[in-house]
Amino acid sequence: MKRKTFTPQQIAKLLQEFSDGKSVAEISREHGVSQAAFYKWRQRYNGMDATELKRLKAMYAELALDLRVAKEIIEKKL
């Protein structure tokens, strides 16, 4: 089963729909996202808009890259 990737703008839109009064079941049915994923997003990103989500994901990607480079350097020294 192929995993669907949601952009920060889509996640922010789904969270906004929930805060506007839609139920989680309706949102998950309409957009094809599991309720567990929705609640996880809500826990992590509640109160953020799309630009903040995008910046947060970019910071994470940068840190992951730094970690990968550090691991490669350590492996070469051993």
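## Notebook: how the helices pack

I started with H1 and H3, whose axes cross at roughly 95° and come within 10 Å. That makes H1 roughly perpendicular to H3. I noted the cut-offs: angles of 65 to 115 degrees count as roughly perpendicular, under 35 as roughly parallel, over 145 as roughly antiparallel, and the rest as oblique. The axes are lines fitted to C-alpha atoms, for helices over the stretch in contact, and the angles run from 0 to 180 degrees between N-to-C directions. Helices are DSSP runs (H or I, at least four residues), numbered from the N terminus.

This is a predicted model, in which local features need pLDDT of at least 70 and side-chain atom pairs count only at pLDDT 80 or more, while totals for chains, interfaces and linings use all residues. Residues are numbered from 1 along each chain as its sequence is written, and side-chain values use heavy atoms, with hydrogens and water left out.

**Entry: H1 with H3**

I listed the residues that meet. H1 brings Ile 11, Leu 14, Leu 15 and Phe 18, and H3 brings Phe 38, Trp 41, Arg 42 and Tyr 45. Contact here means heavy atoms within 4.5 Å. I sorted this contact by class and got 7 nonpolar, no polar and 1 charged. The classes are simple: Ala, Val, Leu, Ile, Met, Phe, Trp, Tyr, Cys and Pro are nonpolar, Asp, Glu, Lys and Arg are charged, and the others, Gly among them, are polar.

**Entry: H2 with H3**

Next I took H2 (residues 24-31) and H3 (residues 35-45). They pack at about 115°, with axes 9 Å apart. H2 and H3 are therefore roughly perpendicular to each other. Val 24, Ala 25, Ile 27 and Ser 28 of H2 meet Gln 35, Phe 38 and Tyr 39 of H3.

I then stopped at Ser 28, which sits in H2. Is Ser 28 buried or exposed? Ser 28 is buried, with a relative accessible area of 13%. Buried means under 20% relative accessible area, exposed over 50%, and partly exposed in between (1.4 Å probe, protein chains only). Leaving aside neighbours within four places in sequence, Ser 28 is in contact with Val 33, Ser 34 and Gln 35.

**Entry: H1 with H2**

H1 and H2 pack at an angle of about 145°, and their axes are 9 Å apart. Lys 13, Leu 14, Glu 17 and Phe 18 of H1 meet Val 24, Ile 27, Glu 30 and His 31 of H2. This contact of H1 with H2 has 4 nonpolar, 1 polar and 3 charged residues.

**Entry: the core**

I looked up the largest nonpolar core. Of its 13 residues, Phe 6, Ile 11, Leu 14, Phe 38, Trp 41 and Tyr 45 touch the most other members. Helix H1 (8-19), H2, H3 and helix H4 (50-77) each give two or more residues to this core. H1 gives the most, with 4 residues. A nonpolar core is a set of buried Ala, Val, Leu, Ile, Met, Phe, Trp, Tyr and Cys residues joined through side-chain atoms within 4.5 Å. In soluble globular proteins, nonpolar side chains tend to be buried together.

Not counting residues up to four places away in sequence, Tyr 45 touches Ile 11, Leu 15, Leu 53, Leu 56 and Lys 57.

**Entry: two other residues**

Gln 9 is in H1. Gln 9 counts as partly exposed, at 40% relative accessibility. Beyond four places in sequence, Gln 9 touches Ala 50 and Lys 54.

Leu 63 lies in H4. Leu 63 is exposed, with a relative accessible area of 57%.
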